[in-house]
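Please read this briefing alongside the sequence and the coordinates. It goes by topic.

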Amino acid sequence: MRNGLEISRRSIVGAIAVGALPLSISMARAAQTSIKIWKDPRCGCCGKWIEHLARNGFAPTVIETGDVAAIKSRLGVPVELQSCHTAEVEGFAIEGHVPAIAIRKLLSERPRAGGLAVPGMPIGSPGMEGGRPEVYEVVLFGRDKPQSYGRYLGDRPA
């Protein structure tokens, strides 16, 4: 009888664990932050940046378009800060190769701003790996004059 009882306990614990698995997977997906990204279909570095975001807890939705400029304009990205791809997350615009950690900081602090940008395509920034990484600026833009939101080397603060 004792063996039968142990098997029953194991069966019950196993059934609970298996039943909880789909719930834990769906909770992990729900914990990811949705981000919508517009990119040119011919851009290769954009795909690498999207992979960086996915590895760092974002759930990207990618929209390929030949008119990314219209999205930049709609989201209020200043011309001098524009780069190759544009994203929107929780009401903020994200322009260019902004590291995930800077986006997380933005979402945590929620400053009165339009978003973040990394002008140009700095070597070593997320999606632009290869070569000798350079320190680059992440810029906060919006109502006020654009200002530094941190200096980065690769995907980490410098």
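The notes below cover confidence, the sheet, the helices, the cysteines and the backbone.

This is a predicted model: local features need pLDDT of at least 70, side-chain atom pairs count only at pLDDT 80 or more, and totals for chains, interfaces and linings use all residues. Residues are numbered from 1 along each chain as its sequence is written, and side-chain values use heavy atoms, with hydrogens and water left out. An open sheet of eight strands runs in the order 2-1-3-4-5-6-7-8, with mixed pairing.

**Confidence**

- The chain has a mean pLDDT of 86, where pLDDT is the predictor's confidence in each residue, from 0 to 100.
- A pLDDT of 70 or more is reached by 81% of the residues.
- Residues 1–30 have a pLDDT below 50. Beyond near neighbours in sequence, this stretch makes zero contacts in the model; contact means heavy atoms within 4.5 Å.
- Where pLDDT is low, the predicted coordinates should not be read in detail.

**The sheet**

- Helices (H or I, at least four residues) and strands (E, at least two) are DSSP runs, numbered from the N terminus. Two strands pair if DSSP finds at least two bridges between them.
- Strand 2 and strand 8 (156–157) stand at the edges of the sheet. Each has a single partner strand, so one side of each is left without a neighbour in the sheet.
- Strand 1 is joined to strand 2 (residues 58–64) by seven bridges, and the two run parallel. Ile37 has Val62 as its bridge partner in strand 2.
- Strand 1 also pairs with strand 3, in the antiparallel sense, over three bridges. Here Trp38 has Thr86 of strand 3 as its bridge partner.
- Strand 4 and strand 5 are parallel and paired over four bridges. Ile94 stands opposite Leu116 of strand 5.
- Strand 1, helix 2 (residues 45–55) and strand 2 form a right-handed β-α-β unit. Right-handed means that, with the strands pointing away from the viewer, the path from the first strand over the helix to the second runs clockwise.

- Buried means under 20% relative accessible area, exposed over 50%, and partly exposed in between (1.4 Å probe, protein chains only).
- Thr33 lies in strand 1 (residues 33–39). Thr33 is buried, at 10% relative accessible area.
- Leaving aside neighbours within four places in sequence, the contacts of Thr33 include Gly57, Phe58, Ala59, Val89 and Glu90. Arg104 and Leu107 are also among them.

- In helix 3 (residues 68–75), the buried residues are Val68, Ile71, Lys72 and Leu75. They cover an arc of only 100 degrees around the axis, which puts them on the same side of helix 3. The arc is that of the directions from the helix axis to the C-beta atoms.
- Ser73 and Arg74 are exposed on the other side of helix 3.
- The buried residues of helix 3 pack against strand 1, strand 3 (86–89) and strand 4 (92–96).
- In helix 4 (residues 100–109), Ala100, Ala102, Ile103, Leu106 and Leu107 are the buried residues. Their arc around the axis is only 160 degrees, which puts them on the same side of helix 4.

**Cysteines**

- A disulfide is a pair of cysteine sulfur atoms within 2.5 Å. By this rule the count is zero.
- Cys45 is in no disulfide; its nearest cysteine sulfur, that of Cys43, is 3.5 Å away. Cys45 is buried, with a relative accessible area of 11%.
- The sulfur of Cys84 is 3.6 Å from the closest cysteine sulfur, in Cys45, which is too far for a bond.

**Positive phi**

- Most residues other than glycine have a negative phi.
- Glu90 is a residue other than glycine with a positive phi, near 50 degrees. Glu90 sits in the loop between strand 3 and strand 4 and is partly exposed, at 45% relative accessible area.
- The loop between helix 4 and strand 5 (115–118) holds Arg110, which counts as partly exposed at 41% relative accessibility.
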